[in-house]
6 protein chains.
Amino acid sequence: MVGEQPAKQDAPPAVMALSLPRAELSEAMQAYFAKCEEKLGYVPNVLAAYSHDDAKLQAFATFYNDLMLAPSGLSKLEREMIAVAVSSVNRCYYCLTAHGQAVRQLSGDPVLGEMMVMNYRAAQLSARHRAMLDFSVKLTEEPHRIEEEDRQALRNAGFGERDIWDIGAVAAFYNMSNRIASAVDMRPNPEYHGASR
Amino acid sequence: MVGEQPAKQDAPPAVMALSLPRAELSEAMQAYFAKCEEKLGYVPNVLAAYSHDDAKLQAFATFYNDLMLAPSGLSKLEREMIAVAVSSVNRCYYCLTAHGQAVRQLSGDPVLGEMMVMNYRAAQLSARHRAMLDFSVKLTEEPHRIEEEDRQALRNAGFGERDIWDIGAVAAFYNMSNRIASAVDMRPNPEYHGASR
Amino acid sequence: MVGEQPAKQDAPPAVMALSLPRAELSEAMQAYFAKCEEKLGYVPNVLAAYSHDDAKLQAFATFYNDLMLAPSGLSKLEREMIAVAVSSVNRCYYCLTAHGQAVRQLSGDPVLGEMMVMNYRAAQLSARHRAMLDFSVKLTEEPHRIEEEDRQALRNAGFGERDIWDIGAVAAFYNMSNRIASAVDMRPNPEYHGASR
Amino acid sequence: MVGEQPAKQDAPPAVMALSLPRAELSEAMQAYFAKCEEKLGYVPNVLAAYSHDDAKLQAFATFYNDLMLAPSGLSKLEREMIAVAVSSVNRCYYCLTAHGQAVRQLSGDPVLGEMMVMNYRAAQLSARHRAMLDFSVKLTEEPHRIEEEDRQALRNAGFGERDIWDIGAVAAFYNMSNRIASAVDMRPNPEYHGASR
Amino acid sequence: MVGEQPAKQDAPPAVMALSLPRAELSEAMQAYFAKCEEKLGYVPNVLAAYSHDDAKLQAFATFYNDLMLAPSGLSKLEREMIAVAVSSVNRCYYCLTAHGQAVRQLSGDPVLGEMMVMNYRAAQLSARHRAMLDFSVKLTEEPHRIEEEDRQALRNAGFGERDIWDIGAVAAFYNMSNRIASAVDMRPNPEYHGASR
Amino acid sequence: MVGEQPAKQDAPPAVMALSLPRAELSEAMQAYFAKCEEKLGYVPNVLAAYSHDDAKLQAFATFYNDLMLAPSGLSKLEREMIAVAVSSVNRCYYCLTAHGQAVRQLSGDPVLGEMMVMNYRAAQLSARHRAMLDFSVKLTEEPHRIEEEDRQALRNAGFGERDIWDIGAVAAFYNMSNRIASAVDMRPNPEYHGASR
């Protein structure tokens with residue numbers, strides 16, 4: 001559909017606002033990028049942003065893949081729901097775009113993805129998911145007020161000790177990731193926007 | 001795509017969380033609803049929510065249509081951009097969904113709609129649009145701090161006296177509308193989510 | 001009483017900070033202004049501010065009069081109490097002045113008006129009024145956190161479904177009205193200050 | 001004027017919410033109370049509240065009288081303007097009532113008193129007064145962000161080193177006083193409300 | 001231990017950022033300073049800062065000594081714990097340094113002092129101390145929300161009416177003191193840092 | 001020094017509040033722990049907390065060591081200053097204790113460590129360090145408001161593109177680390193408190 005005169009836009013930064021040349025990548029990272037291209041059709045820009053330093057890229061990728069993909073009492077969808085609810089508090093354009101898409105895809109429910117982006121309280125969540133996101137958002141907004149009763153609320157919702165670690169770790173990670181993205185004005189790959197709608 | 005087990009959801013409220021029977025609608029309002037059905041394919045749920053009282057419905061519709069559709073120095077897209085940036089501050093699920101779709105449609109730029117929902121500062125905006133949204137968001141977040149220098153910043157960006165009224169009026173309106181929607185848990189029509197992607 | 005040298009003041013703006021000539025008013029609006037003059041002795045400045053555009057003035061007046069004067073489970077005083085408690089959060093000089101006077105007049109209790117302006121929690125309110133104002137203030141401060149339990153608290157205090165709509169609608173309206181007043185630096189009529197003391 | 005049914009109110013606490021018997025007052029304090037009765041017609045309730053302990057009462061009265069009445073580059077009105085602007089941030093019912101009256105009386109300008117209570121930014125202040133209140137309010141809201149440039153802004157507005165001390169000391173004092181009043185729910189004498197209108 | 005090149009630092013202000021010559025001190029104040037030198041080895045800089053005006057110094061010292069040293073249901077350590085927890089909210093460098101040392105000294109527990117500075121919620125406190133600090137911190141952060149139920153929580157933790165006054169008075173005082181220190185950039189005596197570790 | 005009766009304390013959690021048995025550690029991690037014991041005399045509790053899962057421990061240690069120890073335009077002290085200033089905003093007891101000690105040790109300036117814990121604005125910092133910490137704290141408090149002008153302020157203070165990445169990455173990391181510590185109530189090793197005073 002042809003719209004009104006769209007908002008005038010300068011060319012946006014390709015991947016981020018910092019001018020950092022790509023480093024010589026290790027074989028492991030070259031293989032990882034190739035696998036991304038093969039499975040997704042593109043290398044996520046967060047990896048491209050980190051590719052100015054092979055050691056940092058590898059450390060980030062290892063940390064990220066363990067966190068989001070390793071066996072856990074939390075499903076991959078649950079971890080992505082936390083990612084988006086945290087990123088909503090921090091209003092991180094990159095992470096909301098990339099992980100909002102992941103929630104849409106993993107749940108098969110595009111509206112759920114939108115709700116996580118806009119206000120997770122609008123969703124009709126199970127008690128488990130509500131407790132998980134309430135903890136994650138409180139940890140984001142006022143970490144110094146998290147106390148034993150907050151952990152107990154997770155236990156009451158059925159989470160075990162390791163699950164509580166994982167909820168905290170995922171919520172904490174996106175508080176890092178949101179801020180790296182904001183610090184360097186990271187730009188999401190355009191493929192995310194239309195996918196899984 | 002078939003996803004993981006989606007989040008368990010109770011049946012969401014049809015239009016809002018209050019049980020209010022539909023009033024006998026006036027001819028004018030019946031005609032208005034019919035026109036919505038014809039042009040959009042549905043009656044926006046905000047109108048359905050107001051239809052428990054014909055006088056309130058009519059007052060709201062008149063006020064809204066003047067604000068968003070009457071001649072103005074602000075284009076319809078600009079008014080919708082304000083609507084979404086304000087609704088993002090207030091994290092209003094209804095308005096972000098409905099007016100996010102309007103920005104996507106009017107601009108022909110789905111990414112612009114996403115940016116307004118997530119963080120308008122991520123968009124590469126013209127100086128005019130940036131000033132317009134900065135004023136609207138400050139008016140939303142800390143209205144008691146708006147002073148002459150804020151109005152002057154709009155004049156410096158090329159806006160006239162009447163334009164300043166209109167910017168203030170639209171931003172103020174969504175501060176009302178967001179809160180009516182939140183007060184009654186208004187639910188957006190499902191058509192918005194996938195449209196204009 | 002003769003005071004110290006008062007604070008040096010430039011001539012304040014007559015009605016608002018925007019220079020907008022008065023429009024040709026419709027007969028209906030002329031009659032409305034005449035009625036204000038007759039009953040109050042003046043035209044409230046909010047109406048004068050809107051009179052640069054007859055359609056906007058009429059839409060505003062209709063919306064306002066339905067909201068504040070139409071039959072409702074909320075008394076006129078209750079609606080004014082909400083207006084002032086909301087305006088206190090937003091620190092709106094115009095609305096606190098005008099509606100603070102209305103609370104003083106309708107209640108016959110000047111101290112109640114002052115408490116609504118300063119901190120409604122200082123008043124010895126009935127459970128009904130406390131619940132009504134707690135909801136209104138939460139809706140003002142953090143609309144995205146209003147949930148079913150907030151509506152239930154109103155039901156527990158004796159409010160019905162339509163009453164909840166009306167509380168939400170009045171609180172939401174003053175979140176608009178406060179911001180229009182702040183956007184254009186609207187000035188209250190001087191008559192309010194000394195009245196009903 | 002006879003109003004609507006006023007808000008139902010339980011008997012408010014006479015002076016404060018704590019049950020503390022009056023101490024045997026020293027001669028100096030008895031004389032001070034007598035002087036209050038003679039000059040004002042009543043003993044301010046803050047003094048009555050402190051009168052459970054003669055040493056505390058005397059320390060408070062001495063501290064207060066030096067602060068608000070001793071020679072200073074700030075006029076008494078200016079000190080009262082700071083008191084009210086600070087109390088407005090902290091929404092202290094007692095101090096807004098008592099010191100709002102003082103601003104009305106000392107300035108001979110009831111509207112100025114109202115503006116200090118509601119939002120000092122609404123007043124057409126001299127550069128001197130605006131700088132004085134901006135510093136006081138920033139010191140109230142975010143004391144940890146006060147830096148040399150804030151003191152320099154006062155110097156630029158014509159204040160000397162001792163004046164800066166006095167502005168800081170008065171603003172700081174009402175941050176104490178507001179909180180004592182809130183801690184014990186101190187009630188202002190009814191005489192303040194109607195005086196100097 | 002020899003460190004890296006330390007952060008380059010200009011000479012810090014000796015006692016505070018204002019240039020105010022010391023006043024002729026009264027005999028009482030000279031004796032007080034002599035006693036400080038004798039007992040502590042130094043005059044606390046807050047007293048040095050006040051010494052530009054003998055009346056203010058005397059009023060402050062009297063007020064302070066009554067508050068912190070007079071008989072009370074609160075131990076001296078408890079009063080210092082409140083001082084530090086409040087100063088932590090206000091991020092006051094002077095008071096955290098001076099009163100953090102006092103908590104370390106009076107408790108004989110350096111870690112308790114650190115916890116009060118950093119986040120009192122991290123300490124394993126008795127119910128009495130937790131209630132005392134929760135009230136003090138709420139009174140600091142949002143005094144306008146203190147209500148009867150907050151006082152009742154103190155009574156439930158075993159505090160009497162006078163204890164509640166004292167908790168409120170100490171917490172309120174440091175809200176003043178923190179702001180005087182911030183207003184004039186008061187510098188703590190260097191002796192505090194290493195003491196009682 | 002023998003103090004007053006210290007605050008009653010229950011036995012604190014050894015390392016964290018979650019009951020998670022230590023995993024079988026890999027040789028690499030066993031060697032890493034041995035090296036800690038040898039060089040520091042203890043294994044930092046953050047590593048002990050992660051040791052319930054060897055893969056997570058290794059990912060964290062690798063990520064951390066690259067961030068804080070790898071070559072960078074930022075000195076190790078500068079990275080620790082960021083760690084503490086960020087942890088101060090988030091009021092993280094663990095990180096303030098551990099990294100406050102690191103600032104004291106690396107700078108040889110115990111007071112600098114205290115200032116970073118209490119309020120970095122109290123330190124007399126070089127323009128470079130002030131810009132570095134202002135960016136880090138803004139990124140912590142309101143990441144969604146970081147824009148190009150914030151990065152430019154770093155460039156103006158002499159930082160290069162890679163330095164900006166590193167400042168953002170360190171500040172972001174402690175926003176994660178603070179929240180993991182808060183989520184699980186991580187307890188610092190007691191050795192930190194008295195060291196480098």
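Predicted model: local features only at pLDDT ≥ 70, side-chain atom pairs only at ≥ 80, totals over all residues.
User: OK, and what about chain A and chain D?
Analyst: Chain A and chain D do not touch either. Their nearest C-alpha atoms are 18 Å apart.

User: So let's look at a pair that does meet. How many residues are in contact between chain A and chain F?
Analyst: On the chain A side there are 44 residues, and they contact 44 residues of chain F.

User: Which residues of chain A lose the most area there?
Analyst: Those are F63(A), W165(A) and R179(A). Together they make up 21% of what the chain A side buries.

User: And how much area is buried in total between chain A and chain F?
Analyst: About 3,900 Å², with carbon and sulfur atoms giving 67% of that. The size of an interface is often given as the accessible area lost when the parts come together.

User: How many salt bridges are there between those two chains?
Analyst: Four between chain A and chain F. In one salt bridge, the side chain of R162(A) meets that of D53(F), at 3.2 Å from N to O. There are also 16 residue pairs in polar contact between chain A and chain F, both residues at pLDDT 80 or more.

User: Which helix of chain A gives the largest share to that side?
Analyst: That's α9(A), with 16 residues on the side that touches chain F. The elements giving two or more residues include α3 (54-69) and α7 (127-141) of chain A as well.

User: What kinds of residues are on that side, by class?
Analyst: The side of chain A that touches chain F has 23 nonpolar, nine polar and twelve charged residues.

User: New topic: what angle do α5 of chain A and α6 of chain B cross at?
Analyst: Roughly 115°, and their axes come within 10 Å. The crossing of α5(A) past α6(B) is right-handed.

User: Which residues make that contact?
Analyst: From α5(A) you have Y93(A), L96(A) and T97(A), and from α6(B) there are V111(B), M115(B) and M118(B). By class, that contact has five nonpolar residues, one polar and no charged ones.

User: Last one: how many salt bridges over all chains?
Analyst: The count is 90. One of the salt bridges joins the side chains of K56(C) and D66(B), at 2.8 Å from N to O. That pair crosses between chains, from helix α3 of chain C to helix α3 of chain B.

Methods. Residues numbered from 1 in each chain as written. Chains lettered and ligands numbered in written order. Heavy atoms only, no water. Contact = heavy atoms within 4.5 Å. Buried area = accessible area lost by both parts, 1.4 Å probe. Polar contact = N/O pair within 3.5 Å; in protein donor to acceptor, adjacent residues only side chain to side chain. Helix = DSSP H or I, 4+ residues; strand = E, 2+ residues; numbered from the N terminus. Nonpolar A, V, L, I, M, F, W, Y, C, P; charged D, E, K, R; others polar. Axes fitted to C-alpha atoms, helices over the stretch in contact; angles between N-to-C directions. Left-handed = near helix turned anticlockwise from the far one by under 90°.
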